[in-house]
Amino acid sequence: MKAQTQRRLRQLHNRFGLFFAPAILFFAVTGVIQTIGLQDKAPGYVPPAWISLVANLHKKQIVPGAAPARDSRSAAPAVNAGHPEGGKPKKPDAGSIPLKVFVLLLGLVLSISTLLGIWIAFANAATRRTSTILLLAGLLIPLAFILL
């Protein structure tokens, strides 16, 4: 591959990465929250409102009360949501614990890798302005979609 092509691919990778970095961090962190189950109500535990909010954004891409439900299926009340049998929540199978550990590590490493990519992009003074614009756009555009 030619050096010019490699340079352009690195530049494209950098720009896509910076634009999507806020979303990557959001979904990595909220994925870990959901893997741990912090958004689930349990006897003696009610999740904080912010955890419920970000888990709902991650899972359904909506903010409760911000906009009317577009799908009639999502407006129907769920009976004991998360437990279709309507009974007590089941304990995780022993086989799912290694997968949960993997997902937790994935979220952690993805977050660290994304933060390192941002840091590397801002270390280059020549592209710092473009990096700032792309990072802000990647943060503000999804926020605008949420508020629509």
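## Basis of the report

The structure is a predicted model, and the descriptions that follow should be read with that in mind.

## Helix H1 against helix H2

Helix H1, which covers residues 3-36, packs against helix H2, which covers residues 49-60, at an angle of about 115°, and their axes are 9 Å apart. Angles of 65 to 115 degrees count as roughly perpendicular, and H1 and H2 are therefore roughly perpendicular to each other. The crossing in which H1 passes H2 is left-handed.

On the H1 side, the residues that meet H2 are Phe26, Phe27, Thr30, Gly31, Ile33 and Gln34, while H2 contributes Trp50, Ile51, Val54, Ala55, Leu57, His58 and Lys59. Sorted by class, this contact of H1 with H2 has eight nonpolar residues, four polar ones and one charged one.

## Helix H1 against helix H4

H1 also packs with helix H4, residues 96-123, at an angle of about 155°, with the two axes 9 Å apart. Because angles over 145 degrees count as roughly antiparallel, H1 is described as roughly antiparallel to H4. Here, too, the crossing is left-handed as H1 passes H4.

The contact draws on residues of H1 including Asn14, Leu18, Ala21 and Ile24, and on residues of H4 including Lys100, Val103, Leu104 and Gly107. The residues in the contact of H1 with H4 divide into 15 nonpolar, five polar and one charged.

## Aromatic pairs

How many aromatic pairs does a search of the whole structure find? The search finds two. In one of them, the rings of Phe19 and Phe20 have centres 5.0 Å apart and planes at 90°, so this pair is edge-to-face. Phe19 is partly exposed, with a relative accessible area of 24%, and Phe20 is also partly exposed, with a value of 43%.

Phe26 and Phe27 form an edge-to-face pair as well, with 5.2 Å from centre to centre and 85° between the planes. Phe26 counts as partly exposed at 27% relative accessibility, and Phe27 is partly exposed with a relative accessible area of 37%. Both Phe26 and Phe27 are also among the residues of H1 that meet H2.

## A residue in helix H2

Asn56 has its place in helix H2. Is Asn56 buried or exposed? Its relative accessible area is 15%, and since buried means under 20%, Asn56 is buried. Leaving aside residues up to four places away in sequence, Asn56 touches Gln61, Ile62 and Pro64.

Note on methods
Residues numbered from 1 in each chain as written. Predicted model: local features only at pLDDT ≥ 70, side-chain atom pairs only at ≥ 80, totals over all residues. Heavy atoms only, no water. Axes fitted to C-alpha atoms, helices over the stretch in contact; angles between N-to-C directions. Helix = DSSP H or I, 4+ residues; strand = E, 2+ residues; numbered from the N terminus. Parallel < 35°, antiparallel > 145°, perpendicular 65-115°, else oblique. Left-handed = near helix turned anticlockwise from the far one by under 90°. Contact = heavy atoms within 4.5 Å. Nonpolar A, V, L, I, M, F, W, Y, C, P; charged D, E, K, R; others polar. Phe/Tyr/Trp six-rings, centres within 6.5 Å; stacked < 30°, edge-to-face > 60°. Buried < 20%, exposed > 50% of the residue type's maximum accessible area, 1.4 Å probe, protein only.
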